[in-house]
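The exercises below are to be worked through with the sequence and the coordinates at hand. Each task is followed by a solution in steps.

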4 protein chains.
Amino acid sequence: MAGNTFGQSFRITTAGESHGPGNVVIIDGVPPGIPLEVADLMVDLERRRPGQSKIVTQRKEPDEPEILSGVFEGRTTGTSLAILIRNQDQRSRDYGNIKNLYRPGHADYSFDAKYGFRDYRGGGRSSARETTARVAAGAVAKKIFAEAFGGEVIGYVTQVGHIKAEIPAPQEVTLEQVEKLPNGDANIVRCPDLSAGEKMIELIDECRKAGDSIGGAAEVVAKNIPAGLGEPVFDKIKADFAKALFSLPAVLGVEYGIGFGCVTMRGSEHNDIFTATQNADKPHISTKTNRHGGMLGGITTGMPIVLRAAVKPTSSLPIEQPTVTQSGEEATIQTKGRHDPCLLPRFIPMAEAMIAIVLADHWLRWCGQSRSVSVYGTSQGVDVE
Amino acid sequence: MAGNTFGQSFRITTAGESHGPGNVVIIDGVPPGIPLEVADLMVDLERRRPGQSKIVTQRKEPDEPEILSGVFEGRTTGTSLAILIRNQDQRSRDYGNIKNLYRPGHADYSFDAKYGFRDYRGGGRSSARETTARVAAGAVAKKIFAEAFGGEVIGYVTQVGHIKAEIPAPQEVTLEQVEKLPNGDANIVRCPDLSAGEKMIELIDECRKAGDSIGGAAEVVAKNIPAGLGEPVFDKIKADFAKALFSLPAVLGVEYGIGFGCVTMRGSEHNDIFTATQNADKPHISTKTNRHGGMLGGITTGMPIVLRAAVKPTSSLPIEQPTVTQSGEEATIQTKGRHDPCLLPRFIPMAEAMIAIVLADHWLRWCGQSRSVSVYGTSQGVDVE
Amino acid sequence: MAGNTFGQSFRITTAGESHGPGNVVIIDGVPPGIPLEVADLMVDLERRRPGQSKIVTQRKEPDEPEILSGVFEGRTTGTSLAILIRNQDQRSRDYGNIKNLYRPGHADYSFDAKYGFRDYRGGGRSSARETTARVAAGAVAKKIFAEAFGGEVIGYVTQVGHIKAEIPAPQEVTLEQVEKLPNGDANIVRCPDLSAGEKMIELIDECRKAGDSIGGAAEVVAKNIPAGLGEPVFDKIKADFAKALFSLPAVLGVEYGIGFGCVTMRGSEHNDIFTATQNADKPHISTKTNRHGGMLGGITTGMPIVLRAAVKPTSSLPIEQPTVTQSGEEATIQTKGRHDPCLLPRFIPMAEAMIAIVLADHWLRWCGQSRSVSVYGTSQGVDVE
Amino acid sequence: MAGNTFGQSFRITTAGESHGPGNVVIIDGVPPGIPLEVADLMVDLERRRPGQSKIVTQRKEPDEPEILSGVFEGRTTGTSLAILIRNQDQRSRDYGNIKNLYRPGHADYSFDAKYGFRDYRGGGRSSARETTARVAAGAVAKKIFAEAFGGEVIGYVTQVGHIKAEIPAPQEVTLEQVEKLPNGDANIVRCPDLSAGEKMIELIDECRKAGDSIGGAAEVVAKNIPAGLGEPVFDKIKADFAKALFSLPAVLGVEYGIGFGCVTMRGSEHNDIFTATQNADKPHISTKTNRHGGMLGGITTGMPIVLRAAVKPTSSLPIEQPTVTQSGEEATIQTKGRHDPCLLPRFIPMAEAMIAIVLADHWLRWCGQSRSVSVYGTSQGVDVE
């Protein structure tokens, strides 16, 4: 009811603030028998981690997760899985000076209106620090469907300011391209169009030096997803993806497939035409184009799922901004904490995690717990068939 | 779990297909003591109804709702409220010829993949006919917050094809402007920019004559909404609004406030600056601009809420389109049923309903059932203070 | 939130009052492809129906259900299934005289304390009339698991007042025994111990003549239930069964297996000892005795599930009782409506329905939607394996 | 869906096993502004702690909780509150010898049937160790309603084997009486009838020496509870109390008020008669007797709530018992871990916690989040009235 739970069959519940002892996620619904260890969680936590490069915040957090429950002898047990990620570089002193001020673009005033007071240290529960818990859960979700049906979720930056990447075939982008340059260095802006990526880095660096920030857009693609996931009415999978992305901080818009581009199209040019290839036993149905982004009627069609999100420029700025105090007096504010000049590079693992969680959730809604058991071949109990 | 329920404290559950006996909604969480009668439901059902004008489908449905429970002596009782809207103009024969074909842009193939078979009459559960139940529930939601805090939700069409309306002040658009022309005639396209509206009607009519359809965009504004609604993490109210709009058929994109426009902005030009006016007892905090669309950190700020949705062109087309059969053979399809050449005019009451439902839900999550009792002043039981 | 929904994967939402237009249930999560028609619902609705015999209320309700959605060409579609049962014999005049009185043993005062006012006609939403919706849903649940794994749920009366039935082998009681006497007449008290049943009928009739009522107990047995249903912590299946039974009107106690008899036992005499029979491929594990009532750790063991409920004597009495008015004045009350002198005979189908709903729910939580598809062999979409 | 969450408006989600790193609970829905510190949690954790006396298990666990989130400057923030209780005295070697055996009365076989394998160390997730998380959450729940309306929940042992306590006035039992003897020593059996308590201790000690265990019963009373809590149909508060108690390990029966005693009663002797006292402004309605245990129609009446539970004898026994292995071979088992010879003394804080959680949940469902704010007087945002 207070909104700290997401999902139904793969259900995550999180707690934790920017400057408290740590962030924790309980995942309810993990099927039994999946190999899982801390290293599986580290990959995406490292991608989300602050301090990776010059274009992200310099806050240092090693982000080492501890699995508190739900894994026995290296495999998930089917019972609730808890992961704790302690905060380490908290520096509460950075925030004391803004205790009574409403930071522009932040939730300070909203929290006061809602709760009557707030944890003012780094945004408390409204800090993007809470996404560590989501990213850890997303790593578990990715592992489930990778094993179950070879599904994969990959995100990347498509735009920073006016600089747009050219991504002719979203479904062909690889994690390798997103993370590494051809020379082996890190692709710090996570844009697979390398020439656009270079310009994005320059622009972000320019904003950073100016004490300012810049917005951008990201695309997430899910591949090898079976047709049939999603529910016909309120839990259309497009609706759950949208809720998942909009639940992330700073997201102001979401679209899938042709998205807002549909506004100016006629039906005859918009509809994707079905086609069939004959397999041994039954036809394989697909569409010739993918303006529908892999979903029709809110249910997956087996085509690649393609989503995009608009991410606003970071609200915290080193330059001075006018604002008011809690009692309504005029004031100015200058954020001295360490903040990303552009949220996009670190937004990628967060967005992937949320899309992965929705996919695992709808897969398990469809298949149940015991199907999952049979996937992993460990059941020795009754035959549920 | 099968996704026919939406909301938590104001929770709607629906059932019904395009060509079954009718559509029904059960609303759980309606506070007791609210005056409610069938006439209250008719206003928006009339706005959603097919056959209103030349630019919408000619299917005739009087859409007369029956309140099955939850109202006694003209007031809501606080127990579950059920509304039944029978289908009347079903004409199943219109659909028999497409039984084995996959209509482009429709959920036919997705349903087969998910369920193994489908009710092929008019899309069954995937038909927009199911939105009658939502619109009826939305009318109840609107009534709740209108009485509780004077809140209002108004939607209108902002774009059809390349024709864009100019709406300089979204918060000033009135229901009167959306529904009526100055001469008293119906504003059949529901665009408050009358000159753009005329061109939209021409374009829609042109598409209709060509056997084609056209996309568009709509904006929904919620006014007089208290600050503090929404939850900090997964149930950010922006996330629930997005889920609500994306759960409607044909929506391919959603944004709020500046939306995708944020991508090219710097923080210094994007942040809305807080300002305060001193009232008798405490300051009233607001922002000078509203790029944040009334929500910060996923919680309302008291500024007008502004959302937009992209709606694809109708998939059903009178002109012939290629497709395949269930067994994968090539075929052509020509939709002979009655369909809207542009979905936007009838999308407005559906979008308003979903936004209203989210607002009522978050209001009741915040205020509980007994608060609502006290709003209407009818409790004679214990004092819960 | 207002508690009109029960279950997760097989989820029912109900609405309706004693004297409104009717009762409706929406069932979310019915697997696709199950043959279903109105006649399937009639069996248990007939068993629940008032006016069946001299020992139950004489209120006449034909209770003919209408399936509003979710069935196409005689099979369930997998989308939400709505059933409407109209009220017919409402006689609101029976209740006008008790409008301002608090009936002893009823929810009149509780409702006023909660809602500030109430629908006083026959108890409104607190009337057992709402169980028609549950019984209809239970019939669907029974059909699901009967087809899926041959499961069966049978209830019967074990005690009325001091008259106790002897039921040496609960798992061997048949529906035939519960419903029919050896001579083909109806077993109107639904007690398979015929000699005790005769005495129960005499006692109930004596209470009826005295203008009084009498309490009793019922037992419900579920057979052919696979091991593995239920969740380890909060959703132990014993906990969900208990919630299901206690959610029925008039239930004051629930126990399973040896129940309250465990209080005086030692562990060495209480524990059921496991035993195994070797099948072709793997051992079949069971227990020699069934004091655990088919559940250990809140999860089914494959042994028969055995539950019992205590049902209080009907609160509405034709004889005069003292009470107070809403404004606290002393008064007397004499119920003139038609009421059961003993609730037990009609409690049986209600209790069976709730147990069936919990079983279908946990089965579908375990197996998901697509497993169910494969059970019924109708999927022609993707192979989910 | 996998059942690790309980409650709606006060919602707890738990994780943790007997021999993993620890147990954690996330509480969603704690109102903001409540003073809370670790010491508040310690009282009941101490009462639940093993090793308190000679009649409980000798496993040593200091059970020191760490508050991970949701508290700032000594007050709850309104965001999710996480509590971690690390396991310390795990001794996995105690359990290695039973890895392939099915312990009689335990969930070993059920878990294998459900999940295909299990964490065999001390029962894993099925161990009563998980109740530490519940007891910590219960302490928070108690604090909420103690401050909000002075509510109190007290449990005590009423029966061990054939020894029954005499408790003439449940609503007058104090925590002091349950915890302390008149001489200041601990009341180790938690029975307020001291003479029965002495005999209970003797009996438990006798069972312990015999390598056996013994069952018993407990009563929980909730006082100063406002009328109006609970929902009319499925979420009757009696149903939620029953689910709460049955979700605890070893509970085989639950009853409230007169409970199973109603079976032999007539309506005329069972109904509690309403009475009224005139206050300044409005009448105070109550009942002369309390056979209804404080609930009518599933909604509280303002009378004391009285519930009882039957708790089976501990299944783990030091004496040898026959059983089978996973592969179905005959074997014997002798539990060498440390176990309670009678579960009742440590069951009391667990039962109180669950009842407290249900009360806080229904209170917050009724009153919402902002009501709670106003209770604690800290809101400086909008006036929600």
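**Exercise 1.** Which residue of S11(B) stands opposite Gly253(A)?

Solution. The model is a predicted one. Begin with the strands: S11 of chain A and S11 of chain B, residues 251–256 in each, run antiparallel and are joined by three bridges. Within this pairing, the residue opposite Gly253(A) is Glu255(B). Next, widen the view to the whole contact, to which chain A gives 91 residues and chain B gives 91 residues. On the chain A side, helix H6 (residues 237–246) supplies the largest share, six residues. By class, that side of chain A holds 40 nonpolar, 36 polar and 15 charged residues.

**Exercise 2.** Find the bridge partner of Gly253(C) in S11(D), and describe the contact of chain C with chain D.

Solution. Strand S11 (residues 251–256) of chain C pairs with strand S11 (residues 251–256) of chain D over three bridges, in the antiparallel sense. In the contact as a whole, 91 residues of chain C meet 91 residues of chain D. Helix H6 (residues 237–246) of chain C contributes six residues, the largest share of the chain C side. The chain C side splits into 40 nonpolar, 36 polar and 15 charged residues.

**Exercise 3.** How many residues of helix H2 (residues 108–115) of chain B are buried?

Solution. Go through the helix in order: Asp108(B), Tyr109(B), Ser110(B), Phe111(B), Asp112(B), Ala113(B), Lys114(B) and Tyr115(B) are buried. That is eight of the eight residues, so H2(B) is largely enclosed by the rest of the structure. Just after the helix comes Gly116(B), with a positive phi of about 90 degrees.

**Exercise 4.** What is the strand order of the open five-stranded sheet in chain D, and which strands stand at the edges?

Solution. The order is S1-S2-S3-S7-S4, with antiparallel pairing. Strand S1 (5–6) and strand S4 (65–69) of chain D have a single partner strand each, so they are the edges, with one side left without a neighbour in the sheet. For S1(D), two bridges make an antiparallel link to strand S2 (residues 11–15), in which Ile12(D) is opposite Phe6(D). Helix H3 (residues 131–149) of chain D packs on the sheet and touches S2, S3, S4 and S7. The direction of H3(D) makes about 35 degrees with that of S3(D).

**Exercise 5.** How many residues lie between S17(B) and S18(B) in their hairpin?

Solution. Four bridges join S17 (residues 321–324) and S18 (residues 330–333) of chain B, which run antiparallel. One of the bridge pairs is Val324(B) with Glu330(B). Five residues separate the two strands of the hairpin, and in the turn Gly328(B) has a positive phi of about 90 degrees.

How values were computed:
Residues numbered from 1 in each chain as written. Chains lettered and ligands numbered in written order. Predicted model: local features only at pLDDT ≥ 70, side-chain atom pairs only at ≥ 80, totals over all residues. Contact = placed C-beta atoms within 7 Å. Nonpolar A, V, L, I, M, F, W, Y, C, P; charged D, E, K, R; others polar. Pairing = 2+ DSSP bridges. Buried ≥ 20, exposed ≤ 12 C-beta atoms within 10 Å, placed from the backbone. Axes fitted to C-alpha atoms, helices over the stretch in contact; angles between N-to-C directions.
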